[in-house]
Amino acid sequence: MLIGYARVSTTGQDLEMQKEILEKKGCEKLFVEKVTGTSTKQRAQLYEAIEFAREGDTLVVTEIDRLARSIMD
């Protein structure tokens with residue numbers, strides 16, 4: 001299963017473009033949130049996506065910076 005994760009940093013930004021891209025890529029389940037990317041600690045939807053994923057699933061993001069800002073994250 002393809003699992004999509006979309007994130008924007010501020011409430012003024014729009015998630016629609018990311019959601020549209022993920023749906024076109026074939027993601028069956030989407031997790032979306034509006035939260036800063038400076039840390040993964042406050043990102044509930046990211047953790048839910050990881051918990052939802054099963055062996056063989058793929059987590060899809062539109063750009064790598066939507067997932068994390070550094071290798072440490």
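Trainee: Is Ile50 buried, partly exposed or exposed?

Mentor: Buried means under 20% relative accessible area, exposed over 50%, and partly exposed in between (1.4 Å probe, protein chains only). Ile50 has a relative accessible area of 46%, so Ile50 is partly exposed. This is a predicted model, where local features need pLDDT of at least 70, side-chain atom pairs count only at pLDDT 80 or more, and totals for chains, interfaces and linings use all residues. Residues are numbered from 1 along each chain as its sequence is written, and side-chain values use heavy atoms, leaving out hydrogens and water.

Trainee: Where is Ile50 found?

Mentor: Ile50 sits in helix 2 (residues 44–52); helices are DSSP runs of H or I, at least four residues, numbered from the N terminus.

Trainee: How many salt bridges does a search of the whole structure find?

Mentor: A salt bridge is a side-chain nitrogen of Lys or Arg within 4 Å of a carboxyl oxygen of Asp or Glu. The search finds four. Among them, Glu16 pairs with Lys19 at 3.2 Å, N to O. Both lie in helix 1 (residues 16–24), three residues apart, about one turn of the helix.

Trainee: Which residue forms a salt bridge with Glu20?

Mentor: Lys24, with the closest N and O atoms 3.4 Å apart. Glu20 is partly exposed at 45% relative accessibility, whereas Lys24 is exposed at 67%.

Trainee: Is Arg66 buried or exposed?

Mentor: Arg66 has a relative accessible area of 15%, so Arg66 is buried. Its side chain meets that of Asp65 in a salt bridge (3.3 Å, N to O), and Asp65 is partly exposed at 33%.

Notes. Helix = DSSP H or I, 4+ residues; strand = E, 2+ residues; numbered from the N terminus.
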